[in-house]
Amino acid sequence: MTSVLLIIPCFNEETRFDPLAFGDGVEACLKSGISLHLLFADDGSSDRTYTLLKDFSENKDFVYTFKLER
């Protein structure tokens, strides 16, 4: 099985982050035999981006979050 880690930088994405947008892509990867992992890197956001990312990653073993202070 192929494993892929997709790193997604995020900065002040509170109003644009849509967790539903990732569902179909993850399902397609799983069906094709690709082990997909998502790492959301908050690049020092001043809004609620990190909180939204943490909530999204909760109870998902393929989603990770990382917070940079700046």
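How many aromatic pairs does a search of the whole structure find? The search finds three, where rings of Phe, Tyr and Trp (its six-membered ring) pair if their centres lie within 6.5 Å, and planes under 30 degrees apart count as stacked, over 60 as edge-to-face and the rest as tilted. The model is predicted, so local features need pLDDT of at least 70 and side-chain atom pairs count only at pLDDT 80 or more, while totals for chains, interfaces and linings use all residues. Residues are numbered from 1 along each chain as its sequence is written, and side-chain values use heavy atoms, with hydrogens and water left out.

One of the pairs is formed by Phe17 and Phe56, which is edge-to-face because the ring centres are 5.5 Å apart and the planes stand at 75 degrees. This pair links distant parts of the chain, 39 residues apart: Phe17 lies in the loop between strand 1 (2–10) and helix 1 (23–31), and Phe56 in helix 2 (residues 49–57). Helices (H or I, at least four residues) and strands (E, at least two) are DSSP runs, numbered from the N terminus. Phe17 has a relative accessibility of 18% and counts as buried; Phe56, at 9%, is also buried (under 20% relative accessible area, with exposed over 50% and partly exposed in between; 1.4 Å probe, protein chains only).

Phe56 also pairs with Phe40, with centres 5.9 Å apart and planes at 80 degrees, so this pair too is edge-to-face. Phe40 belongs to strand 2 (residues 34–43), 16 residues from Phe56, and is likewise buried. Phe17, Phe40 and Phe56 form one aromatic cluster.
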